[in-house]
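I opened the notebook to record what I looked up in this structure. The entries go from the whole chain to single residues.

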Amino acid sequence: MIIKSPIDLELTQISGQTSQPPWEKIDDSYKQSILINNKPVLVNVKQSGEFLEFNYQGDISQNEVISSLNYIFDLDFNLDKFYKYLANHEELCQMSDFCSGLRLFLAPNPFECIISSICSANNSIKRWTKSISEIKHNWGNSYNEFYTFPEVSSFQNIFLDDEEEAQLTSGDISKCNNNLKSCGVGYRAPYMRKAAEMFTDEIDLLEIPKMSYDEAFETILKVPGVGPKVADCILLYGFNFRQAFPSDVWIKRIVSHLYFDGKDISVTKVREFGMEEFGDNAGYVQLYMFHYARKSGLMAKLK
């Protein structure tokens, strides 16, 4: 089955969006087990021309799978209209040439995005995606040898480190490897477990999409290990708030170069500028800015 919305599936998968790790690539296809209406479904997607081709295994209708894939890969977003928007802005007009087909890669599970985004802070894409994949394999539910992300309520029961595992199991610490730190998350382990506790006892995940952006942003900032950039990533990739403009030192340098004659401006000002300047296109503009700078050679000049 083909969904006729243009996409560069590989670029979208490997673009470092913190919604989730890339799906497992087998030959020319990407596979992942996801929950659709609380039913496990193994989905296989691949590039077919400029479109996405898929098949699946699971007790669910084709239309339900299409709806889920349309959301995850943002296939209802009108790229042609967005490219016209870029073309009408001198600073942005070349970006679609370098990023054609790049789409948002949205989280089917917002809690996975929260943990992925916490894990991504001060971390490489390769390391955080490996850690999240190991968490899924160790504590997620298996379906046809692929794993969904652990439920929020069960995540808080995962051991933090070797010491806690040994203490609570009366085991040999030298043999302990069934804990968060064993997945390479380092100092972020307690942040992750606290997040699980907060989203079990204090914050309803289902309420966040109903909030204004500012209210949702302030709510997510209450989670330990979450600063402004990580909060914006969570709201963009986990909850589909399009006005998010995640800003770090790289986006700061790119925006400064394109809009402020290279002047040194704060990350906070860059975030505010991006949200005000680009509105509901802010999330996409940020995504395209970063990959345009990387692929065009601009990033090397800004180091």
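This is a predicted model: local features need pLDDT of at least 70, side-chain atom pairs count only at pLDDT 80 or more; totals for chains, interfaces and linings use all residues.

**Entry: helix H14**

I started with H14, residues 282–296. At 1.5 Å a residue, its 15 residues should span 21 Å, and I found the end C-alpha atoms 20 Å apart, which agrees.

I then asked how many residues of H14 are buried. The count is 11 of 15, so I wrote the helix down as mostly covered, buried being under 20% relative accessible area. The buried residues are Ala282, Gly283, Tyr284, Val285, Gln286, Leu287, Tyr288, Met289, His291, Tyr292 and Ala293.

Next I asked what covers the buried residues of H14. The cover includes helix H3 (79–87), helix H4 (95–99) and helix H11 (228–238). It also includes helix H12 (249–259), helix H13 (267–278) and helix H15 (298–302).

I checked the end of the helix as well. Just after H14, glycine 297 has a positive phi of about 95°.

I looked up phenylalanine 82, which is placed in helix H3. Its relative accessibility is 2%, so phenylalanine 82 counts as buried. Setting aside neighbours within four places in sequence, I listed its contacts as Phe77, Asn281, Tyr284, Val285 and Tyr288. Among these, Tyr284, Val285 and Tyr288 are on the list of buried residues of H14. I also noted the pair of phenylalanine 82 and asparagine 281: they are 199 residues apart in sequence, and their C-alpha atoms are 7.9 Å apart in space.

From helix H4 I took serine 96. At 15% relative accessibility, serine 96 counts as buried. Residues up to four places away in sequence not counted, serine 96 touches Tyr83, Leu86 and Tyr288.

**Entry: helix H9**

I ran the length check on helix H9, residues 189–201. Its 13 residues should span 18 Å at 1.5 Å a residue, and the end C-alpha atoms are 19 Å apart, which agrees. The buried residues I noted in H9 are Ala189, Met192, Arg193, Ala195, Ala196, Met198 and Phe199.

**Entry: two aspartates with positive phi**

Aspartate 27 has a phi near 60°, a positive value in a residue other than glycine. I found aspartate 27 in the loop between strand E2 (24–26) and strand E3 (29–36). Is aspartate 27 buried or exposed? At 72% relative accessibility, aspartate 27 counts as exposed.

Aspartate 74 has a phi near 50°, again positive in a residue other than glycine. Aspartate 74 sits in the loop between helix H2 (62–72) and H3. With a relative accessible area of 5%, aspartate 74 is buried.

I looked up isoleucine 26, in strand E2. Its relative accessible area is 32%, so isoleucine 26 is partly exposed. Not counting residues up to four places away in sequence, isoleucine 26 touches Lys31 and Phe146. Its C-alpha atom is 9.5 Å from that of asparagine 44, a residue 18 places away along the chain.

Tyrosine 147 lies in strand E7, residues 146–147. At 22% relative accessibility, tyrosine 147 counts as partly exposed. Which residues is tyrosine 147 in contact with, neighbours within four places in sequence left aside? I listed Gln32, Ser33, Lys136, His137, Gly140, Asn141 and Ser142.

**Entry: the whole chain**

The protein has 15 helices and seven strands. With 303 residues, a compact globule would have a radius of gyration near 19 Å, and the protein has 20 Å, which agrees. Along the principal axes, I recorded a C-alpha trace of about 65 × 45 × 35 Å.

Of the 303 residues, 51% count as buried. Among contacts between residues at least 6 apart in sequence, 65% join residues at least 24 apart. The accessible surface comes to about 14,300 Å², and 45% of that belongs to carbon and sulfur atoms. I counted 30 positive and 41 negative charges, whose mean positions are 5 Å apart.

Methods: Residues are numbered from 1 along each chain as its sequence is written. Side-chain values use heavy atoms; hydrogens and water are left out. Helices (H or I, at least four residues) and strands (E, at least two) are DSSP runs, numbered from the N terminus. The radius of gyration is taken over C-alpha atoms; the globule rule is 2.2 Å times the number of residues to the power 0.38. Buried means under 20% relative accessible area, exposed over 50%, partly exposed in between (1.4 Å probe, protein chains only). Contact means heavy atoms within 4.5 Å. Accessible areas come from the Shrake-Rupley method with a 1.4 Å probe; for residues, only the protein chains shown count as cover. Lys and Arg count as positive and Asp and Glu as negative; His and the chain ends are not counted. The place of a charge is taken as NZ of Lys, CZ of Arg, CG of Asp or CD of Glu. The expected span of a helix is 1.5 Å times one less than its number of residues.
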